[in-house]
Amino acid sequence: MRYGPAVRRRKLGAELRRQRELRGMTSREAACAVGWHQSKVSRIETGSSGVKPADVARLLDVYSVSDPELRALLGALCGAGTKGSEGPRRGWWYAYRDLLPSAYLDFISLESEACRSRTLETTVVPGLLQTPAYARAVTRAALCDPPADLVEELVRVRMARQAVLGRERPLELCAVLDEAVLRHEVGGPEVMAEQLRHLLDQGSLPHVRLHVLPFTSGNHIGITGPFVIFSFPRIADLDVVVLDHLTSSLYLEQKEDLRAYGSAFATLRAHALSHEKSLEYIAGISDGA
C-alpha cells in the first residue's frame, strides 16, 4: 500500500521499460541515445526517482513512440498536465497545492486521465455525483469545526472534479451504492431530496451506471469499506485501486490486489439491482416510498 506519487512513478517506469524493450534497446543503449548515465534510465524504470516531462518526451522520441494519446497519458503520469500551445500546462488542481495533500492532488490527476472508474460507496454519495449542498454537508461533518472558507474551497474542488463527466470523452462511471448511501439524511431533508434527484439526472447519462445494493441483500464483501478502481486507455497495467478519503488516498497497485478488487466489484455488481431497477429504487426513496 503506497501513496499515489510512488504508484505513478512505478507505472510510468514500467511502461517506459516496455516501450524500450519493444524497440529492442538495452537500458545502456537508451541512456547513450539521450546522453545520460545508464543508472538514470534504471532509476526511472524502477520508479525509484522522479522524472521530468521533458525527459519522458526524450525517451519516447528515442523509442519512436508517436501515438499522441499514449504520449499524453505518460506525460500526465509524470505531472506534465495538458499540453497547450506553450508546452506542458499544469492541471486546474495545481492552484490548490497549498490546500490539499499531495496524495489527494495525485488522486485528482489520475481521475482526470482515467477512462473508466468503478466505485463502491457504503456511506456517502460518490464525490463525482454530489451536489454542492450535499458536498458542503459531508465536508462539515468530516472536519472538526472547519472554517467556512475552507469548506467552500473543498467544495469547489469537488465540483471541479466533476468536469470529467462532461468532457468530450467522458469518464465512464459505474457506481455500486449501498442502500445506506440513499437513506442517510445528509444535510437535512431538502439537501437529501435534491441529491437524490441529482442522482437520477446523472444516472440518465449514457456513461453513468448506478447499482443499488438494497438492505435485503444481506452481508456482502462491500461491508469492508468503499474503494475506487481507475482504468486508463490502452494500458491495462496502469489500473489502480484507490481507497479514497476526504483529503487523502491510499493506493493498491499489485496485480493480485487488482484481481481481488476487480473480482469483488464484479460480485457486488451481480448482487446489486440493475441500473434500470436502481433508478426506480432511487426514485421510490425520493418520492418517500
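Student: Does Asp145 count as buried or exposed?
Tutor: Keep in mind that this is a predicted model. Asp145 sits in the loop between helix H7 (132-142) and H8. Its relative accessibility is 71%, and the cut-off for that class is over 50%, so Asp145 counts as exposed.

Student: What is the phi of Asp145 near?
Tutor: Start with the general rule: most residues other than glycine have a negative phi. Asp145 has a positive value and is a residue other than glycine. The phi of Asp145 is near 50°.

Student: Where is Ser64, and what is its phi near?
Tutor: Look at the loop between helix H4 (53-62) and helix H5 (68-77), and you'll find Ser64 there. At 44% relative accessibility, Ser64 counts as partly exposed. Ser64 is a residue other than glycine with a positive phi, and the value is near 60°.

Student: How are H7 and H8 oriented to each other?
Tutor: Their axes come within 9 Å and cross at roughly 130°. The crossing of H7 and H8 is right-handed. By angle, H7 and H8 are therefore oblique.

Student: Which residues make the contact of H7 and H8, and how many of them are charged?
Tutor: On the H7 side you have Pro132, Ala135, Arg136, Thr139 and Arg140, and on the H8 side Val151, Glu152, Leu154, Val155, Arg158 and Met159. Sorted by class, the contact has six nonpolar residues and one polar residue. The number of charged residues in the contact of H7 with H8 is four.

Student: Staying with H8, is Arg161 buried or exposed?
Tutor: Arg161 belongs to helix H8 (residues 148-161). Its relative accessibility is 4%, and anything under 20% falls in one class, so Arg161 counts as buried.

Student: Which residue's side chain makes a polar contact with the side chain of Arg161?
Tutor: Leave aside neighbours within four places in sequence, and Arg161 is in contact with Trp92, Tyr104, Phe107, Ile108, Glu111 and Leu128. The polar contact between side chains has a distance of 2.8 Å. The partner of Arg161 in that polar contact is Glu111.

Student: Is Trp36 buried or exposed?
Tutor: You'll find Trp36 in the loop between helix H2 (27-34) and helix H3 (38-46). Not counting residues up to four places away in sequence, Trp36 touches Ala31, Val41, Ile44, Asp55, Arg58 and Leu59. With a relative accessibility of 13%, Trp36 counts as buried.

Student: How are H10 and H12 oriented to each other?
Tutor: Helix H10 (residues 189-203) and helix H12 (residues 275-286) pack with their axes 9 Å apart, at an angle of about 160°. The crossing of H10 and H12 is left-handed. Angles over 145 degrees make one class, so H10 and H12 are roughly antiparallel.

Student: Which residues make that contact, and how many are nonpolar?
Tutor: H10 brings Leu196, Arg197, Leu200 and Gly203, while H12 brings His275, Leu279, Ile282, Ala283, Ile285 and Ser286. In the contact of H10 with H12, three residues are polar and one is charged. The nonpolar count is six.

Student: How far apart are the C-alpha atoms of Glu194 and Ala133?
Tutor: Glu194 is in helix H10, and its relative accessible area of 35% makes Glu194 partly exposed. Leaving out residues up to four places away in sequence, Glu194 touches Thr131 and Ala133. Glu194 and Ala133 are 61 residues apart along the chain, yet their C-alpha atoms are separated by 8.6 Å.

Student: Stepping back to the chain, what percentage of its residues are buried?
Tutor: The chain has twelve helices and eight strands. Among contacts between residues at least 6 apart in sequence, 74% join residues at least 24 apart. Out of the 289 residues in the chain, the buried share is 49%.

Definitions and conventions: Residues numbered from 1 in each chain as written. Predicted model: local features only at pLDDT ≥ 70, side-chain atom pairs only at ≥ 80, totals over all residues. Heavy atoms only, no water. Helix = DSSP H or I, 4+ residues; strand = E, 2+ residues; numbered from the N terminus. Buried < 20%, exposed > 50% of the residue type's maximum accessible area, 1.4 Å probe, protein only. Contact = heavy atoms within 4.5 Å. Polar contact = N/O pair within 3.5 Å; in protein donor to acceptor, adjacent residues only side chain to side chain. Axes fitted to C-alpha atoms, helices over the stretch in contact; angles between N-to-C directions. Parallel < 35°, antiparallel > 145°, perpendicular 65-115°, else oblique. Left-handed = near helix turned anticlockwise from the far one by under 90°. Nonpolar A, V, L, I, M, F, W, Y, C, P; charged D, E, K, R; others polar.
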